[in-house]
Amino acid sequence: MFSKLERKIAFRYMWAKKRGFGSVISWVSLIGIMLGVATLIVVMSVMGGFHDTLLSRIVGMNGHVVVYHQDGAITDYDFLVDKMRQNKVVAANAVGIVPIAEGQVMVTANGNNSGAMIRGIRMPDLIAKTHAGTRIYGKSLDKISDGELVAGNSLNRALGVTMGDKVSLVSANGATPTPFGTMPRIMSYPVMSSFFMGMYEYDSGYIFMPLETAQKYLNIGNAVTHIDIFLKDPEDTTAVRDALSRLLPDGFVVRDWRDLNSGFVGALQVESNVMFLILMLIVIVAAFNIVSSLVMLVKDKSKDIAVLRTFGVSRRSMMKIFILSGTSIGAIGAFFGTVFGVLIAIYIEPIRRAVQVITGRDLFPAELYYLSELPSKLIPTTVIGIALLAILLSFLATLYPAWKAANTDPVDVLRNE
């Protein structure tokens, strides 16, 4: 594609020691592309990590497809679960069907109080759906019995509760009517286990209990508030959702995780797209610097270009020389940017901790970002795409200077020398 002569001249021009300000612009272009590519890779990796981690934990705890009833309670849930498992489409796609009894409460202990969500679930189901990174303290989940609680680690700290201490749950659900008005339902239970998921929303606001305990406390009898269905592929919910809509009688509502988290998922996608466009401007500005650098190079080397043309170098070869010179700057910048970006993305959490220690500031508060660690997920296609896009922009930036060099009239240049 490029002859030996074209490569030799292009690289000599690119690293010419006497180009002065033009050489400085070339270095600025290279560093700009390198920083732009590295920043894009890091930001897109962190955004991808946020997306996957938050969705896996939020969706993983709430089910990929959820079945509700318009009346608020599902009484024949065991029959419905068996019916779902017998359906061919559901059986082929689902890995778990879990009945849940859920309600909001206020938790009080040691003079402290906090809002929380109680979730009644069969302990084998809780063990099966517990995230791999979740840490359990105190009594193991398979030993939790009726009347015992499993509370989030951050919630326990906020209430000043240790294992075995009792907490009082106050709820308007199942409230008792009296001659003096409706009294909220208040019951005390011991906290026998604590969990740490690494997601602040759950660690500070969720309490799990055996399903029978939740049914008694919420005063809903032998009923549940909804049924969670967990799928092999969370991205493919359409088939199961349609099958359940046909299978279940009137009064049931079937929703998937996109419906339940539509605002959150949409915000993540918009933020990711906007960040990509904003940071891509760094690479575009660096590419425009290549234009400036090559235009100055063409002007500086006009005599050399005229001599080469006189010796028989074609316009096509002149274009290829300057295209190779400018594109090489972009390729080198993209290469080092990719290397630095990948390394930073891999070690982003240790880097965050080091910066946090140096500055003495909390750069990633869990209560704001919902996660206790800065996540990162490198997607090879995204990394390669960013690098290739930087090289493409560099190539496009060389076309005008290369065209100008190829159309330099050697007669006019040599006449003026």
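## Helix packing in a predicted model

Helix H13 passes helix H16 in a right-handed crossing. This description rests on a predicted model. The protein chain contains 17 helices and ten strands.

**The pair H13 and H16**

Two packed helices are described by the angle between their axes and the distance between the axes. For H13 (residues 315–346) and H16 (residues 380–406), the axes come within 7 Å and cross at roughly 155°. Angles over 145 degrees count as roughly antiparallel, and H13 and H16 are therefore roughly antiparallel to each other.

On the H13 side, the residues in contact include Met318, Phe322, Gly326, Gly330 and Ala334. Among those they meet on the H16 side are Ala387, Ile391, Ser394, Thr398 and Trp403. The table gives the make-up of this contact by class.

| Class in the H13–H16 contact | Residues |
|---|---|
| Nonpolar | 17 residues |
| Polar | six residues |

**The buried face of H9**

Helix H9 spans residues 238–247, and its Val240, Ala243 and Leu244 are buried. Seen down the axis of H9, the buried residues fall within an arc of 100°, so they line one face of the helix. An α-helix has 3.6 residues a turn, so residues three or four places apart point the same way. The cover over the buried residues of H9 includes helices H3 (77–86) and H4 (88–93), together with strands S1 (65–69), S9 (226–231) and S10 (252–256).

**The chain as a whole**

Of the 417 residues in the protein chain, 48% are buried. Among contacts between residues at least 6 apart in sequence, 80% join residues at least 24 apart.

Conventions:
Residues are numbered from 1 along each chain as its sequence is written. This is a predicted model: local features need pLDDT of at least 70, side-chain atom pairs count only at pLDDT 80 or more; totals for chains, interfaces and linings use all residues. Side-chain values use heavy atoms; hydrogens and water are left out. Buried means under 20% relative accessible area, exposed over 50%, partly exposed in between (1.4 Å probe, protein chains only). Helices (H or I, at least four residues) and strands (E, at least two) are DSSP runs, numbered from the N terminus. The arc is that of the directions from the helix axis to the C-beta atoms. Contact means heavy atoms within 4.5 Å. Axes are lines fitted to C-alpha atoms, for helices over the stretch in contact, and angles run from 0 to 180 degrees between N-to-C directions. Angles under 35 degrees count as roughly parallel, over 145 as roughly antiparallel, 65 to 115 as roughly perpendicular and the rest as oblique. A crossing is left-handed if the near helix is turned anticlockwise from the far one by less than a right angle, and right-handed if clockwise. Ala, Val, Leu, Ile, Met, Phe, Trp, Tyr, Cys and Pro count as nonpolar, Asp, Glu, Lys and Arg as charged, and the others, Gly among them, as polar.
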